[in-house]
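The questions below go through a two-chain model, moving from single residues to the contact between the chains. Each answer builds up to the value or name that was asked for.

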Amino acid sequence: MDIVKKIGFVLLGLFIVLNWGLLMAGIMRKIIARVSMRRGIKIFQPYINLIKNYSIRSQLTHGIMFYLGPVFRLSGGVGIFLFMPMIYGSDIWNNFSFTGDLILIAYFMFFGMLGMALGAGEGGHPYSAIGISRGLAQFTAIELPLTLAILSIAIQYQSLSITEIVAAQQGSILNWTLFTNPLATGAAMISFLGAMGHSPFNVVMAPQENPVGPPTEYHGTFLGVLQTNRAILHVVEAVLYMNLFFGGANNWIELIVKTFFIYFWSVFVGMVFPRFRVDQSIPWLLKLPVLIGVAAIIVFIV
Amino acid sequence: MVSPISSIAVLLGSAFLVGLFKKTSYSFAQMLSLLAIAFPLFVSAQWLIHFIGTSDGAVMLYTAGAKPPFSVSLQIGMAEAFLTLAVNLLGLLSIIYLMKPFKELGVKALALLLILVMGLNVIILSRDIFNIFVFLEIASIALVGLILLGKRKHTYSAGFKYLIAVAIISSFLLVGIAFVYYFGSTLNIDDFVAQNLIVTKGLSTALFLLFIAVLLELKPFPANGWALDLYEAAHPGVGALISGGTATASLYVLYKILPMGADYWSDVLIWVGLISFLGSNILGISQKNANRLLGYSSIGQIGLLVAVIGFSDQLGSHFEAIFFSLFISHFLAKVGLFWLSGWVGKTELTAWSILRTKPWLLLVFGIFLFTLIGFPPFPSFFGKWQLIVDLASEHGFNWIVIILAGSLFEGIYLFRWLGYAIKGEKSTENKPLLDWQTALPIGLFALLIIGAGYVSNQWMPNGQSINLIPVFFILALFVLDFLPAWIKNTISIAGLVVYGYLLYPELSDDTLRLVFAVIFLGGGILTLIAGYSVKGKRAGFFPFALMMFAGLIGLVEADNLLQFFFAWELMTLGSYVLIIRGKRSMLHAYNYMLFSLGGAYLIFMGMAMATAGQSGISLEILRTTAFPGWTYALMAIGFLTKTAALGFHIWLPGAHAEAESDVSPMVSGILLKGGVFGLIVLFLAMGGEQAQANPLVYVLGWLGAITALIGNLIAVFQEDAKKLLAYSSIGNLGYVLFALAFMSNIGWMTAITYSLNHFLFKTLLFLAIGGVVLRVKTHNMHEMGGLIKQMPLSFIAVLIGIITLAGIPPLSGYAGKWLFYNAVIAQGWYFQGAIVFFAGTIAFLYCFKLIYAVFLGQPKDKFRQVKEAPVWYIIPQIILIIGIMVFSARPDLILKPVGELLSGSAYFPTDPLNWESVTASTNLGYWSGYKIMLVIGVMFMVLLGWLLLMSRKAQKIKQFDIVYAGETPFTPGTTHFSHNMFAPLYRAIGFLTLPMITQSWNRVNSTVHDFADSARKIYSGNGQSYLVQILAYVVIVYLILF
């Protein structure tokens, strides 16, 4: 019975996350539009898109891997959700986080990327491969500051368990990693910019090219699956940063507020700064952010 | 028993008799000569058997019915019987070998040969220095006669130079003998020694002249230009007589007169010999003329033997065994090579590719060369081993360095030569006929080497500890080489299975060794299965494959240093031959061999230093070595050449990439673990956890991290699929080195997980890509594309392989990553750790490139008809995938016992890892492979089901049903994006991949070659300068001594 209840709550959590993800996407696009002096889409436009895509009857496929690509991608997003404790102190909302720790989430992120890259690859569209190669290359550089930050907080808390890391930040806002370990937070938040696919790190999403995100070759239900994933993934990635650096969440409201601002950080930077080319972004990421990450470790060694 | 004096009489008599025959009755003369040499051969054999069977001492024979000093005495003991046997056998076979050229020259050639053999017999037997001098002269004159009978370009000038040299050497000898007689009133060696004379200034000068003359007979470097010219100009059959015959006799003279001299003569012999060994081998490396090269090699080897005679006091009771094994190796191999050179007929090294027309000759050539270098199971291996171990116990480390350096230089030219023979361009000219007169002596000597190897093995202390069963099995495979490949393959697999079955009880409670045994034997079986796809005989493949596996498993079984080193060298030999089988592998196999050889000598040096001052050679003594710093550093570097750590990695990409499709997984997935196992043995000896503070370990940790980064990064920029996998191996072995260097329980768990994973996925990937390469006949990924439709099974294998490689959950690669994080944080190696993780993300790039460029994207027109890889390639892949799945779902089955073994041992008592059924945890985090697998599996299936439901009517479209840049493409060649795929990354950090290390090795290489090239200009070919060199040599040695 327990397992049925568990699965029920997991699905409910997933539903909440999906809805919040779609809504947040709508809000952010609205904000971007207004800042750019445009009227912008309706807040509920992502819902409309999703329903439309799932309802399209004609579907084309290039082959089995093309077909499996979106499945991999959505598994990646849902998987991270499953392995992530969402609400601190709640047994029902910690999902399946007992199976693995922070490292599991860090490495499971590759799962969706790989599947998507392969699926798009089978489409045979050269721009897919160009986008993917750029995206992956940039991703290696994005990961490095994050790795250093993760190492830093693992040293700080002597733990890789997300639940324990959140627990250590309870009590006061000053216990947040943001204040106790600002260097690691800084490195990680720069890394976050890359992960979210906004300027200055979004050349891989350039309009003509099929990147790690929803590509033009995918359509209909496939695109619907990818959009579903995007909504979920954006929320759970923000939840990850929230858990690691911003004290976690004690309830869903706190989660929604915090993830909003975390996600907004990437939108904000994206609106202010122009985009890098990939061969510019990699050296940039390997300089200042890595230095911050190294400093975040050095303060604990010394 | 027949007296050896009658041998001499028979030889002399028949030499005169033969001279009386005319050309018409030549064949009768020939028969007579054969019988005349067969007789002393029989006599020597009889005496040898007598001495082996009994413990009798040497027998003194007196001539002319009187005792010395009134007559000449001869002595025959074990040594004399053996050496005369060798010389007489050489004489007999020379007559056979030279049958055709002699026939043209007539009976005089036969007579000269008989005289030469007689001379050599007397030189060996005689105890009278003047008698020795006389017969040295007789032998020299006979030899000059034989040389001048040749018709090569420089024969006459070389003969003349030889005469001049011999004349001056004889003058020294004669004056020396005269003065020795003046001081000692006797010419008999034993009488002289018995007098125990006080060495006055005059006597020491007399002895100096005697010794220096005998030494000069042995052509010491650098006063040996005349000898090199002689080797080059003489008929190879005569070259064999010089190198094997006169040198043997002169060496024995040196040994006989050694007790006459003062103590310091031993040191002189050592230095003269070693300088000759080192110098001659250095100068040999830029030599391109085969006969002259053999000359360099002969002089080098004889130098080593001279040094061994000098070492006779230090070696004590081991001297005979050591001298025997080194001498017999030189004698059989060098003579055999001269004979082979006669068959090849051309002097350029590159012409030796003609040997490929007769595969068994190629095999024999290989046996000769490996014997010269000292590989097992040939006699010189055991000789060199014991020599060096004994020298180490005397703390003679400088000598060891010289011997090993000389051997390395010898390897440089000999293996280049072997490479030309195996892989050089095929000669277009007609192949020479192989008659029985050539085949018989060469074949016989090759067989004798194997026999001598057995004798050396049994004779040497600890030699009997070596398990020879695998060696005999491999020999049997050589014999069965005429069978079709599939039968031999089945025999080989059966051999491995049975061996594994028999070995299991021995290893069942040592999980650490068991894991490696599974990698070596299980991997061997799997990769051999792929070999069923090869049709025909596949000549020479299976013995060497089994040799490699026997070596690898021998490492696991080894209890003592000799067993370990024997196995190590056996593995190197087998793998070298496997690698060079690839179409374009000549250079790569050569590089592999040189790095392996250098590495092996470093390991050898380290082991030798460990034995110094300790009793026994068990692996345990590594722990109590008196020179921990040197021992460990040398051995570590040696093992790193095999695991291809950065700096020693340049051989790997070519060697792995150009090997045959089923050899690549053997040498990559399996062979590299040999180096890992070596490091494990070494690190255990260093004391496990207690060695954490050792700076060597810290340096190795950094080296591992940087290797991981650079290896992976270079892999990203490869266009050749197999090169990509090869560089990836460099990176992955970097991880393993890094993890081992933690010297902690969890670090080693990580390393073992990584080793096992690397074995599983790299064997899988190389098999899958090998299967693709077999079908599409190219390694270039940008020429492939879209093969998923034709080769779906290979695609799945590669997919599973790269998911494991990249460490993506739920597959077992993630186990390594998780353990890694925990180990890094526990150890505090954050920065090295960060580099390794960065390397891990970079690995993701080449993983994508590999699978995308080969299987996805646009299919090319020319590959529309290719089929799935052969089923024999698919079967082992399926087994490996099952292995990965099992290890992914239940890592505890392997890691738990390994962890218990490590924490139960004295080495790694601190065990931070706890297992609760299938969940592992440390004080940092936790991980449950089984549950992760379950969650991801269920989720994936649910989502797949959902998508299937939603888009069940999806319509399959064709290749070109895409649009870009305003048009529909129709040329797959220009639409498949895969060449220079990561150009932006290259622009950003590509400078890290510049081949700086390769360039530095190239500089080292060219410097050595340039040096050798300019140094050998001292051999100007001018007889007068040779004369000056001889005189200068004498003067300099004199000045150094007095």
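Q: Which residues does B:Gly303 touch, not counting residues up to four places away in sequence?
A: This is a predicted model, in which local features need pLDDT of at least 70, side-chain atom pairs count only at pLDDT 80 or more, and totals for chains, interfaces and linings use all residues. Residues are numbered from 1 along each chain as its sequence is written, while chains are lettered from A and ligands numbered from 1 in the order in which they are written. B:Gly303 lies in helix α13 (residues 290-310) of chain B, where a helix is a DSSP run of H or I with at least four residues, a strand is a run of E with at least two, and both are numbered from the N terminus. With contact taken as C-beta atoms, placed from the backbone, within 7 Å, the residues that B:Gly303 touches are B:Pro220, B:Phe221, B:Gly273, B:Leu274, B:Ser276, B:Phe277 and B:Ser280.

Q: Is B:Gly303 buried or exposed?
A: A residue is buried if 20 or more other C-beta atoms, placed from the backbone, lie within 10 Å of its own, exposed if 12 or fewer, and partly exposed in between. Because B:Gly303 has 27 C-beta neighbours inside 10 Å, it counts as buried.

Q: What distance separates the C-alpha atoms of B:Trp702 and B:Lys358?
A: B:Trp702 lies in helix α30 (residues 695-716) of chain B, and its 16 C-beta neighbours inside 10 Å are why it counts as partly exposed. B:Lys358 is 344 residues away from B:Trp702 along the chain, and their C-alpha atoms are separated by 49 Å.

Q: Why does the radius of gyration of chain B agree with that of a compact globule?
A: The radius of gyration is taken over C-alpha atoms, and the globule rule is 2.2 Å times the number of residues to the power 0.38. Along its principal axes the C-alpha trace of chain B spans about 115 × 60 × 50 Å. For 1042 residues a compact globule would have a radius of gyration near 31 Å, and chain B agrees because its own value is 32 Å.

Q: Which residue is the bridge partner of A:Leu60 in β6(B)?
A: Two strands pair if DSSP finds at least two bridges between them. Here 2 bridges join β1(A) to strand β6 (residues 955-956) of chain B, and the strands run parallel. Within β6(B), the bridge partner of A:Leu60 is B:Gln955.

Q: Where in chain A is the pLDDT below 50?
A: The pLDDT is the predictor's confidence in each residue, from 0 to 100. Chain A averages 90, with 96% of the residues scoring at least 70. One stretch, which has 30 contacts in the model beyond near neighbours in sequence, has a pLDDT below 50, namely residues 207-214 of chain A.

Q: What is omega, roughly, for the peptide bond that joins A:Ser199 and A:Pro200?
A: A:Pro200 is placed in the loop between α8 (182-196) and α9 of chain A. The bond joining A:Ser199 and A:Pro200 is a cis peptide bond, and its omega is about 5°.

Q: Is A:Met37 buried or exposed?
A: A:Met37 sits in the loop between α1 (2-35) and α2 (45-55) of chain A, and its phi is near 65°, a positive value in a residue other than glycine. Because A:Met37 has 6 C-beta neighbours inside 10 Å, it counts as exposed.

Terms used: Contact = placed C-beta atoms within 7 Å.
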